[in-house]
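Open the model in your viewer and colour it by chain position. The stops below go from the whole chain to single side chains.

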Amino acid sequence: MEESEVATQKEAADNVCAKDQTTAATGEVSTQMSNPGSVCKPSEEPETRYNRLKLFEKVMQKSLEKLIHHASFNRFASTFRPLYKKNPQRMESIHKQFIEELQRTIQEDISRLIDEGRLEFKLNELDKLERAAKNNPDAAWRPSGVPEQDFCSFLMPYYQKQEAFMRLELKKIQAENAALAQKVQAGRESISQTEHRISANVDEWKASVTEFERLASSLCPADVFDV
C-alpha cells in the first residue's frame with residue numbers, strides 16, 4: 001500500500017514537471033515568434049547564456065527537492081509505525097519539524113560550500129579557461145588510457161625544464177670558477193714578480209755593502225791605525 005502511494009506521488013510529480021517543461025517550451029516558442037530577431041541573434045559572452053553559479057544553485061535546489069520528496073511522511077511513519085499508531089498528529093508535527101530542520105541544514109551547508117570554497121571565483125575562472133580554449137586551435141590534452149604514458153607526459157616537461165635550469169646554473173658556476181681561476185693566476189704571477197723584485201733588491205743591497213766595505217778598506221788601511 002505504501003509503495004503504491006509512493007509510486008503514485010512520483011508519477012504525479014513527473015507529470016507536473018513534464019507539464020512545466022511543456023509550458024516553458026511553449027512560452028519560449030511564443031516569445032521567439034513574437035520577436036523573430038531574437039532567434040538568430042548569437043550570444044556574445046557565455047555569461048549572457050547562463051551563470052554557472054546560478055546553475056549550480058538550481059541543481060542543488062532540485063536535488064534538495066528530490067531528497068525532501070523521498071523523505072515523505074509515509075516513509076517516515078512506516079519507520080516509526082508504533083509511534084504513528086499511538087499519536088498520528090504528533091508524528092506529523094515531528095515529520096514537519098524534521099523536514100524543516102533538514103532543509104535548513106542542507107541550505108546552510110550549500111551556502112558554506114559556496115563561501116568557503118570560493119565557488120563563484122572558481123566558476124568565473126572556468127569561464128575564462130573555456131574562452132581561452134575556444135581561441136586555441138590546438139587540440140586539448142586527453143588521457144591515452146595508459147597511466148605510464150600519461151604520467152610520463154606530465155612529468156617529462158617538468159624534468160626537462162629542471163634540466164635546462166640546472167644546465168644554465170652549471171654554465172654560470174663554470175664561468176664564475178673560470179673568472180676566479182684567472183684572478184688566482186694573476187695573484188700568483190704578482191706574488192712571483194714581487195719575490196723577484198725583493199730578491200733583486202737584496203742582491204743589489206748585498207753588492208753595495210760589499211763595495212762599501214771594499215772602498216772603506218782601501219781608503220783606511222789597517223796599518224795606519226797601528227800604534
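Of the 227 residues of the protein, 8% count as buried, where buried means under 20% relative accessible area, exposed over 50%, and partly exposed in between (1.4 Å probe, protein chains only). Show the surface next: the protein exposes about 19,500 Å², and carbon and sulfur atoms supply 59% of that area. Accessible areas come from the Shrake-Rupley method with a 1.4 Å probe; for residues, only the protein chains shown count as cover.

This is a predicted model, in which local features need pLDDT of at least 70 and side-chain atom pairs count only at pLDDT 80 or more, while totals for chains, interfaces and linings use all residues. Residues are numbered from 1 along each chain as its sequence is written, and side-chain values use heavy atoms, with hydrogens and water left out.

Switch to cartoon. The protein has eight helices and zero strands; both are DSSP runs numbered from the N terminus (helices H or I, at least four residues; strands E, at least two). Among contacts with a separation of 6 or more, 66% are between residues 24 or more positions apart; contact means heavy atoms within 4.5 Å.

Select residues 147-219, helix H8. This helix has 73 residues and reaches 106 Å from its first C-alpha to its last, close to the 108 Å expected at 1.5 Å a residue (the expected span is 1.5 Å times one less than the number of residues). Now centre on Leu-155: a kink of about 30° lies there, shortly before the proline Pro-157. The bend at a residue is the angle between axes fitted to the seven residues ending there and the seven starting there.

Next, select Asp-127 in helix H7 (residues 119-135). Is Asp-127 buried or exposed? Asp-127 is buried, with a relative accessible area of 5%. Its side chain makes a polar contact with the side chain of Arg-52 (2.3 Å). A polar contact is a pair of N or O atoms within 3.5 Å; within protein, one must be able to donate a hydrogen and the other to accept it, and residues adjacent in sequence count only if both atoms are side-chain atoms.

Last, show the aromatic rings. The structure holds four aromatic pairs. Phe-76 and Phe-98 form a stacked one, 5.5 Å centre to centre with 25° between the planes. This pair links distant parts of the chain: Phe-76 is in helix H4 (residues 73-79) and Phe-98 in helix H6 (residues 88-116), 22 residues apart. Rings of Phe, Tyr and Trp (its six-membered ring) pair if their centres lie within 6.5 Å; planes under 30 degrees apart count as stacked, over 60 as edge-to-face and the rest as tilted. Phe-76 is buried at 14% relative accessible area, whereas Phe-98 counts as partly exposed at 36%.
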